[in-house]
Amino acid sequence: MPAVEIRYWEKWQGREAQAMGNIVNAFNDSQDRYRVVMTEAGAWSSTPDLPMFLAAHEQGDPPDLIGLEDHQIVNLADKGVLSPLDSILDSHELKDAGFHRSFLELASYAGALYGVPVAANVATLYMNRSALRGTRFESGGAPTLISEFDSDLELLGTTGRTGFVPTYPGWWPQAWVRFFGGSWLDEDGRFQPNHPGNVRAFEWIASMRDQPHMDRYLDPVNPIGTREPDPFLSGEVAMVFEGDFLVARLASTPGFEWACAAFPTVSGKPAAMVLADVVAVPTGAKHIDGAAAFLRFASTRRSIEIVALGQGKISPLVDWSQAFLADHPNPKLADLQRILGSATLFHDPRVPGWLGYLDGIKKAFSDVWTHGQEPDAALAAIG
């Protein structure tokens with residue numbers, strides 16, 4: 001009897017897709033009942049082609065599995081186009097697999113789990129140690145208070161060095177408020193752009209424009225690797241708030257001295273942002289049993305660590321094997337593990353409509369940074 005074909009739409013391309021392809025091949029080799037066929041169905045930025053997916057869903061022909069960015073889970077689940085995994089797998093299977101609670105939260109909405117976090121990322125403070133010679137950052141440590149961080153940035157400025165630029169690379173303008181006691185939502189889940197902590201964070205953003213050479217970074221986003229020599233690698237900018245994209249480049253730059261730490265806050269409790277890639281099951285999938293079988297296989301420690309090694313990322317599991325730590329290309333992997341275990345971890349809010357709110361936040365950020373608008377006015381304009 002021929003194997004049942006399970007269609008899997010993967011958003012990644014390149015080495016990330018290859019790493020997931022290795023898991024698909026291993027699953028197919030492990031049994032003969034199902035055969036997963038993975039198709040790359042993402043844009044150049046590895047964002048899934050959601051219009052194509054929604055069209056397929058509307059036509060009654062969705063894939064059996066789809067790879068998503070974690071922040072897309074809520075809107076898709078709210079639209080009813082994703083199946084809660086509790087209806088597919090035993091409710092304890094994934095919870096007992098050893099996933100870090102924060103990464104399960106990334107795949108959840110309204111108390112239900114909608115996907116398996118197969119790859120994880122932590123956005124935090126990265127330091128070029130050579131560019132920080134003679135400062136407290138040189139050893140790889142960082143202050144825990146924003147006020148101390150600011151003082152050190154001022155000292156760096158007196159030496160002609162640029163310590164930090166909020167728009168380099170600038171992927172997560174929504175994150176800054178979390179370091180200043182801010183929040184985008186109130187206790188009832190209502191959007192509150194003008195929370196005092198949010199205003200304070202955007203005032204801090206605005207103050208950064210006084211540093212020398214900021215005209216080079218007036219765009220809201222200035223990706224790593226888009227200019228040569230790269231400002232971080234060359235030491236033009238000593239520190240950045242980044243994630244695994246930067247790590248992949250650092251791991252392939254021999255001799256570069258760098259360190260990572262959780263980001264300082266007004267409370268003195270450092271914080272970091274977590275993100276994940278998630279595999280979910282669309283509603284209307286034709287082969288639920290096969291999709292569930294693959295998710296069980298993909299959520300084992302062996303599979304998770306194969307993906308993380310292949311993609312150069314961290315594992316979404318709490319415990320990492322010694323072999324994983326030894327074989328990983330990131331020499332600072334243990335430091336990232338300590339950040340996950342000690343910092344305040346946060347992520348984008350899990351509410352319907354968040355992506356629309358995020359568009360408003362990005363505009364407010366641009367209005368403050370690029371156009372010099374007053375922070376309170378820019379934030380009030382979102383509402």
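Here are some numbered notes on this predicted model, for someone meeting it for the first time.

1. Ground rules. This is a predicted model, where local features need pLDDT of at least 70, side-chain atom pairs count only at pLDDT 80 or more, and totals for chains, interfaces and linings use all residues. Residues are numbered from 1 along each chain as its sequence is written, and side-chain values use heavy atoms, with hydrogens and water left out.

2. Start with β1. Strand β1 (residues 4-10) runs parallel to strand β2 (residues 34-40), and 7 bridges link the pair. Glu 10 has Glu 40 in β2 as its bridge partner. (Right-handed: with the strands pointing away from the viewer, the path from the first strand over the helix to the second runs clockwise.) Helices (H or I, at least four residues) and strands (E, at least two) are DSSP runs, numbered from the N terminus, and two strands pair if DSSP finds at least two bridges between them.

3. β1 has another partner. Strand β3 (residues 65-69) also pairs with β1 in the parallel sense, over 2 bridges. Here Trp 9 is bridged to Ile 66 in β3.

4. Now look at Glu 69. This residue lies in strand β3 and is buried, because its relative accessible area is 17% (buried is under 20%, exposed over 50%, partly exposed in between, with a 1.4 Å probe and protein chains only). Its side chain makes a polar contact of 3.0 Å with the side chain of Thr 47. (A polar contact is a pair of N or O atoms within 3.5 Å; within protein, one must be able to donate a hydrogen and the other to accept it, and residues adjacent in sequence count only if both atoms are side-chain atoms.) Glu 69 and Gly 356 sit 287 residues apart in sequence and 16 Å apart in space, C-alpha to C-alpha.

5. Then find His 347. You'll see His 347 in the loop between β11 (344-346) and α13 (354-369). His 347 counts as buried because its relative accessibility is 17%. The side chains of His 347 and Glu 105 make a polar contact at 3.1 Å. Leaving out residues up to four places away in sequence, His 347 touches Ser 102, Glu 105, Leu 106, Arg 178 and Val 274 (contact means heavy atoms within 4.5 Å).
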